[in-house]
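The sequence and the model come before my entries.

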Amino acid sequence: MPTIRRAVIIGNGIAGAENQCLGLVRALGLSHTLYRVTRPRGGINDWLRWLPVSFHKNLHNVVKRFRVTGFSGIAEAKAHYIAKLARETLDKDGPTLVVASGRDTISVVSSIKRLAPENVFVVQIQHPRSKLNRFDLVVTPRHDYYPLAPEGQQQIPWFLRGWITPREPPDQKVVLTIGALHQVDSIALHRAASLWHDELSPLPKPLVVVNIGGPTGHCGYGVDLAKQLISLLLNVLSTCGSLRVSFSRRTPKKVSDILVRELGSHPKVYIWNGQDPNPHMGHLAWGDAFVVTADSVSMLSEACSTGKPVYVIGTEQCKWKFADFHKSLRDRGAVRPFTGEEDMSERWKYVPLNDTEEAAAQVITALAQRGWRL
């Protein structure tokens, strides 16, 4: 039986997308090589992101007259090269698992499958908004199928329904998850608990972690939400032993500035300054409760995988499939709205999200159906 011993990850330079690929490969216990699809950025390029990445890059090269290079230290994802490598190393190393996430990776991984169909098994994470027969398996959240739900159909104008994907219910090629895949598992949390022990274990309990993302097209907010969050946090500080706040790369400066100004001098509050080392994994390991902004599927998925209380702020600002995602977490009992009336020492039970391990099990099943194994 052919045995897969390695994986190739096709990234797009976006941490949230690549983290899902890394999480799945980690759960499968495979080593990996990371390649990236690089899209020109900055200036007029930011206005051309609607173009297919290949056309965008060609246009950029014509205008600028120089070849686009990859992200530092990461090779450019070239379908012909990766497919050729998979064919040439089949006898020695077995077939290759190819895992990708993000719109810009779709054309590359589908080309790899077309060029080396007998040598690779291609997993696309997040719905590719294209024909699924271009991949061996698609791993995507249930809320990506929200356009097919009655509520989704009501929100789509009739003249746009032919353009909204997906247009068909998931088939056997699709693995559905609740949230995003990630690298947070029991081993990672145990290591983080050890690494951050000296800094976080002495803090007064309960330790409440606040993770702040940034506005998106489906979850818009600004300074108003920051002011609301400050007010609610001040209300619950009496039931907190310690409060630690982290911002993401997407957090607007005007949002982070107001939180630092209003909370930074409070003796119970520590605000991470963005410098390495990043305490995120330590916070997940040592935190007793979490407050997370509603915009980030990844941060909510990670927090809800710990089994600890998770409070969400800003859900009323979210619409479309994001609203459906939040509803699925509430129905599961994993999250509650953050109202400022909470006793932050309160605990409640729910079944933690385990999407990454469950998706990995589905990949193993699909490989077995093909006659392959890890």
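The entries below treat the cysteines and then the aromatic rings.

**Entry 1. Basis.** I note that this is a predicted model, in which local features need pLDDT of at least 70 and side-chain atom pairs count only at pLDDT 80 or more, while totals for chains, interfaces and linings use all residues. Residues are numbered from 1 along each chain as its sequence is written, and side-chain values use heavy atoms, with hydrogens and water left out.

**Entry 2. The disulfide.** I recalled that a disulfide is a covalent bond between the sulfur atoms of two cysteines. The criterion here is a pair of cysteine sulfur atoms within 2.5 Å. I found one disulfide in the structure. C219 is joined to C318, with 1.9 Å from S to S. This bond links distant parts of the chain, 99 residues apart: C219 is in the loop between β8 (207-212) and α9 (223-236), and C318 is in the loop between β12 (310-313) and α13 (320-332). Helices (H or I, at least four residues) and strands (E, at least two) are DSSP runs, numbered from the N terminus. The torsion about the S-S bond is about 120°, so I recorded the disulfide of C219 and C318 as right-handed.

**Entry 3. Burial of cysteines.** I applied these limits: buried means under 20% relative accessible area, exposed over 50%, partly exposed in between (1.4 Å probe, protein chains only). C219 and C318 are both buried. C240 is also buried, at 3% relative accessibility. C304 is in no disulfide, and its nearest cysteine sulfur, in C318, is 14 Å away.

**Entry 4. Aromatic pairs.** Rings of Phe, Tyr and Trp (its six-membered ring) pair if their centres lie within 6.5 Å; planes under 30 degrees apart count as stacked, over 60 as edge-to-face and the rest as tilted. I found five aromatic pairs. In one of them, the ring centres of W158 and F159 are 5.8 Å apart and the planes stand at 90°, so this pair is edge-to-face. W158 is exposed, with 69% relative accessible area. Y311 and W348 also form an edge-to-face pair, 5.2 Å centre to centre with 80° between the planes. Y311 is buried at 2%, and W348 is buried at 8%. Ring pairs link Y311 and W348 with F338 into a cluster.
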